[in-house]
Amino acid sequence: MRIDVAPNDRPQPVSGHVFRVDRARGPQWYAKYRLPDGRQVKKRIGPAWTARGRPAAGYFTKRTAEAWLAETLREVRRRERPDAVLTGATVADAAAEWLRWAEHDRACKPSTLTDYRHTARRIVADLGHLRLEEVTPELLERWRATLEGSNRTVIKYLVVTHGIFRRAMKVWGLPRNPAALVERPRVRASDDIDAFSVEEVHALVRAASSEQDSVLYLTAAFTGLRLGELLALRWGDVDYSGEAIRVRRSYNVHGGVGTPKSGKTRSVPMVEDVAQALAALQTRDRLIGDDNLAFPGETGGFQDATALRVRYRRALTMARLRSLRFHDLRHTFGTLAVRKAEVPAVQAWMGHSDIHTTMRYVHHRDHGREARLLADAFRPASAEALDLSA
């Protein structure tokens, strides 16, 4: 939805005056002043003090109201107020500059840029015609109310808007970021993770429609690779002697091949079941060189991820398993690995940039061993300590 203001482009001298208005809740002081571009601003200063003596805190006399206006006009003349700055740029200009900066200066991944462009397209459609200095927190609050979708979707729009205006502060000298004052909706973080058991993974593998799919499901569940990382995996990344898989790249249908989500190469232990399954798959007649994809499409290129998910859901039905997402195979690895390995190791294997992400799996640990260790700490040093009557 296009959000509009009523701009006036005629240059005017900065001036203003104060006036008192009688309201139901008592008299109020107001100020009206003109900005350099001709726009007039009306603001409530505060309640008027009508009794004798020194004004109570928060109340204004005509003299203190005029002092408030004088300071405001000084800020306008110094271009310290966002509504007084004349940048000559629109929100559309700022969005284009932010996208350029994200691509060339920050070198964001193609998949990230695709997401940014999609989000910025809606922002420009609604706000692109506005001058930067016309955008206020109040206007953005009204715009936020028009956004549809989940709270996470609304937050995505607000985050990108915040980035656009933060960049505009550096490029056009905008003194403040109006998006910084817009409250974001709350999203409840959940540590609940649903994952397969080892037996369920093998049932899924048996129900796969092809040998390649069965190996892919097994590798996903026992290495924790993301779908894009699996689709970009090449035989040269499989280190049989080192019992590891090197995760060097990821495939995204919108952005092509890029680095893994963390931006870093990592190494994941390759358990015997996965090594044997991959070795058997590599005995096929073609597409087994180091530069070939381990899980290619029919012509040797990248698989269609949508078609793969359809086959995955069909295998779930055939195996009579719960309807978990393909991504839950990655969660399966996390819940199984954390039972035997320390959290920092699991973090490195899964490519988490924040250890708090890995900590979600900790409650899947078998705490029996820890309980037995703690039992020694709570055991009294001598039998006499048990005699409470002493």
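This passage describes the aromatic pairs of the structure and the charges that sit over aromatic rings. The model is predicted: local features need pLDDT of at least 70, side-chain atom pairs count only at pLDDT 80 or more, and totals for chains, interfaces and linings use all residues. Residues are numbered from 1 along each chain as its sequence is written, and side-chain values use heavy atoms, with hydrogens and water left out.

A pair of aromatic rings is described by the distance of the centres and the angle of the planes. Rings of Phe, Tyr and Trp (its six-membered ring) pair if their centres lie within 6.5 Å; planes under 30 degrees apart are stacked, over 60 edge-to-face, and the rest tilted. The structure holds eight aromatic pairs. One of them joins Tyr217 and Phe326. Their ring centres are 6.5 Å apart and their planes stand at 65°, so the pair is edge-to-face. Tyr217 lies in helix α7 (residues 211-223), and Phe326 in the loop between α10 (305-319) and α11 (328-337). Helices (H or I, at least four residues) and strands (E, at least two) are DSSP runs, numbered from the N terminus.

Tyr217 is buried, at 0% relative accessibility. Phe326 is buried too, at 7%. Buried means under 20% relative accessible area, exposed over 50%, and partly exposed in between (1.4 Å probe, protein chains only). Tyr217, Tyr312 and Phe326 form one aromatic cluster.

Charges also sit over rings (NZ of Lys or CZ of Arg within 6 Å of the ring centre and within 35 degrees of the ring normal). The charged end of Lys42 is 5.3 Å from the ring centre of Tyr30. Arg122 lies over the face of Tyr157, at 5.9 Å.
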